[in-house]
Amino acid sequence: MSARRLPRRRERGEEGSALVELVWLGLLLLVPLLWIVLSVFEVQRGAYGVSAAARAAGRAYALAPTDAEGERRAEAAARLALADQGIGSAPLRVDISCTPYPNCHSGTSVITVRIRSSVALPVLPAALGAERGRFALDASHTVPIGQYQEIR
């Protein structure tokens, strides 16, 4: 009789352990996977925003009457394009260059606008360097000065 009881105890001792192992393994694998997916979405949103900001800034600069007004309008347009993607508070740097003339609003100048920004990675704990958890993004757009209006 005692030989029969021993196998039953072993079977009872393992009941439910597969469920506990599955839950723990699922949590260990699911949490990092969820973080990776959320981070990819955030970076993709930032990439769309930076690309749209470069196009909007290039157009705003080309339509401005002077270079100084163009720089102001380009930065405002870039900030608005980033805000449309929900990252209006992201750092923004707008660099504008013109070739072959230094005055962008003359002759056959070609304007190149380069936007640099970054997005914060979501739910990054401070122990893993939350203050450094940013993904750098940049985009550029080139506009010939006469594309949107006639230059005299």
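I started with Phe41, which counts as exposed because its relative accessibility is 56%. My cut-offs: buried is under 20% relative accessible area, exposed over 50%, partly exposed in between, with a 1.4 Å probe and protein chains only.

The model is predicted: local features need pLDDT of at least 70, side-chain atom pairs count only at pLDDT 80 or more, and totals for chains, interfaces and linings use all residues. Residues are numbered from 1 along each chain as its sequence is written, and side-chain values use heavy atoms, without hydrogens and water.

I placed Phe41 in helix 2 (residues 17-63). Helices (H or I, at least four residues) and strands (E, at least two) are DSSP runs, numbered from the N terminus.

I found three strands in an open sheet, order 1-2-3, with antiparallel pairing. Strand 1 (92-99) and strand 3 (134-144) are the edge strands, each pairing on one side only. The twist averages 15° from one strand to the next; axes are lines fitted to C-alpha atoms, and angles run from 0 to 180 degrees between N-to-C directions. Strand 1 pairs with strand 2 (residues 110-120) over eight bridges, antiparallel. Pairing takes at least two DSSP bridges between two strands.

I then looked up Cys98. Cys98 stands opposite Ile111 in strand 2. Cys98 also forms a disulfide with Cys104, the sulfur atoms 1.4 Å apart. The criterion is a pair of cysteine sulfur atoms within 2.5 Å. I noted one disulfide in the structure. The link of Cys98 and Cys104 is right-handed, with 95° about the S-S bond. Both Cys98 and Cys104 are buried.
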